[in-house]
Amino acid sequence: QVQLVESGGGLVQPGGSLRLSCGATGSISIFSIADMGWYRQAPGKQREQVALITYTGRSNYADSVKGRFTISRDNAKNTVYLQMNSLKPEDTAVYYCNLEARRRGVLYDYWGQGTQVTVSS
């Protein structure tokens, strides 16, 4: 079992920045082989992927956040980060961390509890 705990959310004005963190505990031996993603869900909308970083360090982003958000990971700390700059009101959502890994044919898929990000003046 893996537990994911997000932190760093809050209220920020448009144009501001936040840094989200997601720490993994438990059976963390799979962290280094896991793809880590940040997702978000706004009220009345479906959950969408915001950014992904593979276990090899390759990253990709949703078009809506390209150039503003940066995903990174520290395997030594079992932590993934999402640096969010130039925030817009439409970035308001609950942000979730996801870990997905395969080992010996078994899929491991875990979610954090979410952290609220509100962008408002």
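1. In this predicted model, strands β9 and β11 (residues 115-119) pair in the antiparallel sense, with 3 bridges between them. Within this pairing, V94 has Q116 of β11 as its bridge partner.

2. Strand β9 is also joined to β10 (residues 106-111) by 6 bridges, again in an antiparallel arrangement.

3. Y39 lies opposite Y96 of β9.

4. The burial of β9 deserves a remark. Of the 11 residues in this strand (residues 93-103), 8 are buried, so β9 is largely enclosed by the rest of the structure.

5. The model contains 4 salt bridges. In one of them, R40 is paired with E48, with the closest N and O atoms 2.7 Å apart. R40 counts as buried because its relative accessibility is 5%, under the 20% limit. E48, at 34% relative accessibility, counts as partly exposed.

6. R40 also forms a salt bridge with D91 (2.9 Å, N to O). This pair links distant parts of the chain: D91 is in the loop between β8 (79-84) and β9, whereas R40 is in strand β4, 51 residues apart. D91 is buried, its relative accessible area being 0%. Salt bridges with shared partners join R40, E48, R68 and D91 into one network.

7. K66 and D63 form another salt bridge, their closest N and O atoms being 3.1 Å apart. D63 counts as exposed, at 65% relative accessibility.

Terms used
Residues are numbered from 1 along each chain as its sequence is written. This is a predicted model: local features need pLDDT of at least 70, side-chain atom pairs count only at pLDDT 80 or more; totals for chains, interfaces and linings use all residues. Side-chain values use heavy atoms; hydrogens and water are left out. Buried means under 20% relative accessible area, exposed over 50%, partly exposed in between (1.4 Å probe, protein chains only). Helices (H or I, at least four residues) and strands (E, at least two) are DSSP runs, numbered from the N terminus. Two strands pair if DSSP finds at least two bridges between them. A salt bridge is a side-chain nitrogen of Lys or Arg within 4 Å of a carboxyl oxygen of Asp or Glu.
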